[in-house]
Amino acid sequence: MPEFFTDVTGPIPYLGPDSNEPLSFRWYDKDRVVAGRRMEDHLRFAVCYWHSFNWDGFDIFGAGTLDRPWLAPGLDPMEAARAKQDAAFEFFAKLGVPFYCFHDVDMAPAGDTFAQSTANLNELVERAAGLQEQTGVGLLWGTANLFSHPRFAAGAATNPNPEMFARAAAQVCNILEATHRLGGENYVLWGGREGYETLLNTDLQREADQLARFMHLVVEHKHRIGFTGAILIEPKPFEPTKHQYDYDSATVHAFLQRYDLASEIKVNIEVNHATLAGHDFHHEIAYANAAGIFGSIDANAGDDRLGWDVDRFPVSVEQMTLGMYEILRGGGFTTGGLNFDAKLRRQSIDRSDLFHAHIAGMDTMARALLAASLLLEEGELEANREARYAGWDGALGRDIMNGSLDLPSLQKWAADGAPDPAPVSGRQEALENLVARAVERAR
Ligand code: XUL
Ligand code: CO
């Protein structure tokens, strides 16, 4: 196959923090053991097919700017898809990532009929299986695009027309089976248009029931075909719809409990979706861990002054340290990983820009891992947290929590002359200094 990224030999080497070589890792040293695990196994990086290979830089104001020859109009769609696949796997291998992620339509062109689309997908999935074997790159997750085609304008599972539901289910059946065929470690459901624009035409109750039915169908089929990966929902509060049903981790958790799905489905948390929901990234992880539904991460970044999904590559070590800290505190990834659901800026038109973007993201996450594991190892944050709640392990705390004290008993406790409880410092600034010191010292 002809090379596409001819300027880069790869695999990108680790040359250490003092390296001036732009095409090198300064922090991501995949075999280095951190907190008992190789960096590569901790971070489980994945490149996403859609932003990197299936997007030519178009936005709502203008046409594509990027050099993606397989997206040019008029090509034979299957030939173009093969060229795209070759360039994608060449990139994964040269970058040196263990995983990738894709939507059905990123890899395979839609045919004139559903049967033709299925045949296209199956052919390219077989080809991907061969490329995975050749390169050693695995599939972190597959997913269905149920939002781009005009038929899904009013939603897929939540569409007012059951025929659209059926069409979406058929599509998911194909790509779930393809994900299984490719040894995918997870299957992701992003409810792209599962939401509403106006309540004036929307039946909330029906749409929630439909969405749950859809999820149950996916879970049933996962077990039927013996797919052992995790099913993950990716929360997002809005965009494209005004109100998305899978708003954030807490909303998704409530939905899963309401429809008896909490033991079957977890969440794929995306940084920029968390911030759009008005949360910190690490809040979403901590919530998911506390609820037992943490799955995987879409690593990217928003922009402090822009209220939409800009999907930048992550470059803030501080922000990512707090996220990695919550991930490590929860025990680290099992089937999940860090998928760069991030895209180049429209002016980054050199082929090598895709390498620079991923190197920045991977080094940022590697530094964040080092800082987070230093914080955990030194243990001051956890010791502080434990000391702060120590009263709950004493007699009063235990009796409140085990139900042996009712309101009148607590009234009696206060009336019997218990001393007024004295507030203690929350020490926020001191703790923030601990984090800053770890970020500075982590090597
Ligand atoms: C959209 C988004 C998607 C999902 C997969 O905001 O994040 O790319 O990750 O459909
Ligand atoms: Co995403």
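Biologist: How many salt bridges does the count come to?

Modeller: Side chains of opposite charge can pair when their charged atoms come close. A salt bridge here is a side-chain nitrogen of Lys or Arg within 4 Å of a carboxyl oxygen of Asp or Glu. By this rule the count is 20. This is a predicted model, in which local features need pLDDT of at least 70 and side-chain atom pairs count only at pLDDT 80 or more, while totals for chains, interfaces and linings use all residues. Residues are numbered from 1 along each chain as its sequence is written, chains are lettered from A and ligands numbered from 1 in the order in which they are written, and side-chain values use heavy atoms, with hydrogens and water left out.

Biologist: Which residue forms a salt bridge with Arg351?

Modeller: Asp67 does, with the closest N and O atoms 2.5 Å apart. The two are 284 residues apart and link distant parts of the chain: Asp67 is in the loop between α2 (49-53) and α3 (77-95), and Arg351 in the loop between β12 (338-340) and α12 (353-378). Helices (H or I, at least four residues) and strands (E, at least two) are DSSP runs, numbered from the N terminus.

Biologist: Which residues are around ligand 1?

Modeller: A residue counts as near if one of its heavy atoms lies within 4 Å of the molecule. Among those around ligand 1 are Trp50, Trp141, Trp190, Glu234 and Asp341. The shell divides into three nonpolar, two polar and six charged residues. Nonpolar means Ala, Val, Leu, Ile, Met, Phe, Trp, Tyr, Cys and Pro; charged means Asp, Glu, Lys and Arg; the others, Gly among them, are polar.

Biologist: Which side chain has a polar atom 2.7 Å from an oxygen atom of ligand 1?

Modeller: That is His103. An N or O atom in the side chain of Lys236 is 3.0 Å from a ligand 1 oxygen, and for Asp298 the distance is also given as 3.0 Å. A polar contact is a pair of N or O atoms within 3.5 Å.

Definitions and conventions: A polar contact is a pair of N or O atoms within 3.5 Å; within protein, one must be able to donate a hydrogen and the other to accept it, and residues adjacent in sequence count only if both atoms are side-chain atoms.
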